[in-house]
Amino acid sequence: MDSPATPAAAAPLSDSQQRHLLHKLDLFRLQGRDRRGRAVLRVVGKFFPARWVSVEALTKHLEESVFPKLEDRKFAVVYVHSGVRRSENCPGISALRSVYEAIPAGVKRNLEAVYFVHPGLQARLFLATFGRLLFAGGLYEKIKYVNRVEFLWEEVRRNEVELPEFAYDIDDEMERRPVMADYGSESDHLRLPHGAPFMDPAAVSCYSMRCIA
């Protein structure tokens, strides 16, 4: 499965067109279970059309098509960061935080794990620095970095979750370039040095998501 096509035209899309695009791109898909029997919400970062979709349209799509399916079940997220491009797929910190704050309390409680596939060093450093400020309610502590797809299957039932081909291509590249970071799957996060200055969450919103691509 390759990346779906996004609009070639630069003309603004209507709200309904944006939501139709999100549905068509299959950015969010509920499929399969992890090894603990929890439902899996697969999210593919490369499929997110940041240049064409507003925060409002994204939130509306989630409220209508995703959140209702997660209100009565424990679940885990498989977030595929493979192939994310700064200029194409990154919505910005303010947008990310707004979407997180729009998640119903019941859905947040049901979210028990986030498997972050192919995070990259920049994403890890960014989340280590700002994760707790951006995501209240303990979400940051639920993130488990998975540096190769092969290690994801230790956490998720392989025959039940479909990943795009380009995610496997990253694994192949890591085989050819063993110098690339490869630590399996980890739940321990990078920590700020003792005595590091506190960062005002309001100031974080001015940063661009480009820094984690």
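Leaving aside neighbours within four places in sequence, which residues is Leu-152 in contact with? Before I answer, two remarks on the source. This is a predicted model, where local features need pLDDT of at least 70 and side-chain atom pairs count only at pLDDT 80 or more, while totals for chains, interfaces and linings use all residues. Residues are numbered from 1 along each chain as its sequence is written, and side-chain values use heavy atoms, with hydrogens and water left out.

Now the answer. With those neighbours set aside, Leu-152 is in contact with Val-78, Tyr-115, Val-117, Val-146 and Leu-163; contact here means heavy atoms within 4.5 Å.

That brings us to the core. Leu-152 and Val-78 are the residues with the most contacts inside the largest nonpolar core, which has 60 residues. A nonpolar core is a set of buried Ala, Val, Leu, Ile, Met, Phe, Trp, Tyr and Cys residues joined through side-chain atoms within 4.5 Å. Buried means under 20% relative accessible area, exposed means over 50%, and partly exposed is in between, with a 1.4 Å probe and protein chains only. Helix α6, residues 120–134, gives the most to this core, with seven residues. Helices (H or I, at least four residues) and strands (E, at least two) are DSSP runs, numbered from the N terminus.

Next, the cavity. The structure holds one cavity of 30 Å³ or more, and the volume of the largest cavity is about 880 Å³. On a 1 Å grid over the protein atoms alone, a cavity is a set of points where a 1.4 Å probe fits but cannot get out, and lining residues have an atom within 4 Å of a point. Grid points are joined across faces, edges and corners, and the volume is the space filled by probe spheres set on the points.

There are 36 residues lining the largest cavity, and the closest to its centre are Phe-28, Val-43, Val-77, Tyr-79 and Leu-96. Elements giving two or more residues to this lining are β2 (39–44), α2 (55–65), β3 (75–80), α4 (93–102), α5 (105–110) and β4 (111–117). The largest share, four residues, comes from α4. By class, the lining has 32 nonpolar, three polar and one charged residues. For that count, Ala, Val, Leu, Ile, Met, Phe, Trp, Tyr, Cys and Pro are nonpolar, Asp, Glu, Lys and Arg are charged, and the others, Gly among them, are polar.

On to the rings. How many aromatic pairs does the structure hold? Four. Rings of Phe, Tyr and Trp (its six-membered ring) pair if their centres lie within 6.5 Å; planes under 30 degrees apart count as stacked, over 60 as edge-to-face and the rest as tilted. Phe-47 and Phe-166 are edge-to-face, because their ring centres are 6.0 Å apart and their planes are at 80°. Phe-47 lies in the loop between β2 and α2 and Phe-166 in helix α8 (residues 165–176), so this pair ties together parts that are 119 residues apart in sequence. Phe-47 counts as buried, at 2% relative accessibility, and so does Phe-166, at 10%.

Last, the backbone. Most residues other than glycine have a negative phi. Asp-26, not a glycine, has a positive phi of about 60°. Asp-26 is in the loop between α1 and β1 and is partly exposed, with a relative accessible area of 21%. His-118, also not a glycine, has a positive phi of about 55°. His-118 lies in the loop between β4 and α6 and counts as buried, at 9% relative accessibility.

I will stop there and take questions.

Note on methods: On a 1 Å grid over the protein atoms alone, a cavity is a set of points where a 1.4 Å probe fits but cannot get out, and a pocket is an open set with protein on both sides within 12 Å along at least five of seven lines; lining residues have an atom within 4 Å of a point.
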